[in-house]
Amino acid sequence: MLEEWWDTEEYRKRFVPYHEVIMARLLEDYLTRPEWRANILQSWYDRGEVLDREYRFRIENGYDTKDIEKSIALYHEYSCILQKWVEHGVEGAVSDTQ
């Protein structure tokens with residue numbers, strides 16, 4: 001039953017917008033919730049794994065990958081910002097990203 005659920009057009013249609021919102025929320029939380037930063041970084045890593053797994057699934061099954069490719073590109077762009085924040089501190093790196 002689970003395989004049938006996630007192998008549907010409806011799931012694929014909602015997958016990318018859902019994960020893009022989660023990525024934006026994780027970045028916002030990284031800025032505003034310093035006590036959660038370790039958990040946020042783990043969640044960020046997990047998000048990349050989920051995107052990669054969905055991309056491979058779509059390739060292997062012949063589904064369109066344009067929207068997931070855009071989401072992966074956004075993930076990489078956000079990862080660069082997050083990396084600056086981790087390396088230089090949020091306060092020192094925010095001006096570089098604006």
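Helix axes here are lines fitted to C-alpha atoms, over the stretch in contact, and the angle between two of them runs from 0 to 180 degrees between N-to-C directions. Helices (H or I, at least four residues) and strands (E, at least two) are DSSP runs, numbered from the N terminus. This is a predicted model, in which local features need pLDDT of at least 70 and side-chain atom pairs count only at pLDDT 80 or more, while totals for chains, interfaces and linings use all residues. Residues are numbered from 1 along each chain as its sequence is written, and side-chain values use heavy atoms, with hydrogens and water left out.

The protein chain has 5 helices and 0 strands, in the order α-α-α-α-α from the N terminus. Its average pLDDT, the predictor's confidence in each residue from 0 to 100, is 87, and 87% of the residues score at least 70. Of the 98 residues, 30% are buried, meaning under 20% relative accessible area; over 50% is exposed and in between is partly exposed (1.4 Å probe, protein chains only).

Helix α3 can be taken next. It has 24 residues and reaches 35 Å from its first C-alpha to its last, close to the 34 Å expected at 1.5 Å a residue; the expected span is 1.5 Å times one less than the number of residues. The buried residues of α3 are I40, W44, R47, G48, V50, L51, E54, F57 and R58. An α-helix has 3.6 residues a turn, so residues three or four places apart point the same way. After α3 comes G62, with a positive phi near 75°.

On one side of the sequence, α3 pairs with helix α2 (residues 9–32): the two axes come within 10 Å and cross at roughly 160°. Residues of α2 that make the contact (heavy atoms within 4.5 Å) include Y11, R12, F15, H19 and M23, and those of α3 include R37, W44, R47, L51 and E54. Angles under 35 degrees count as roughly parallel, over 145 as roughly antiparallel, 65 to 115 as roughly perpendicular and the rest as oblique, and α2 and α3 are therefore roughly antiparallel. Their crossing is left-handed: the near helix is turned anticlockwise from the far one by less than a right angle, whereas clockwise would be right-handed. R12 lies in α2 and is buried, with a relative accessible area of 9%. R12 and E54 are 42 residues apart in sequence, and their C-alpha atoms are 8.9 Å apart in space.

The other partner is helix α4 (residues 66–88), which has 23 residues and spans 33 Å from first C-alpha to last, close to the 33 Å expected. The axes of α3 and α4 come within 11 Å and cross at roughly 160°, so these helices too are roughly antiparallel. This crossing is left-handed as well.

In α4, the buried residues are I68, S71, I72, Y75, Y78, S79, L82 and W85. S71 counts as buried because its relative accessibility is 0%. Not counting residues up to four places away in sequence, S71 touches V16, E20, M23 and L51. G89, with a positive phi near 85°, follows α4. Across the chain, 60% of contacts between residues at least 6 apart in sequence join residues at least 24 apart.
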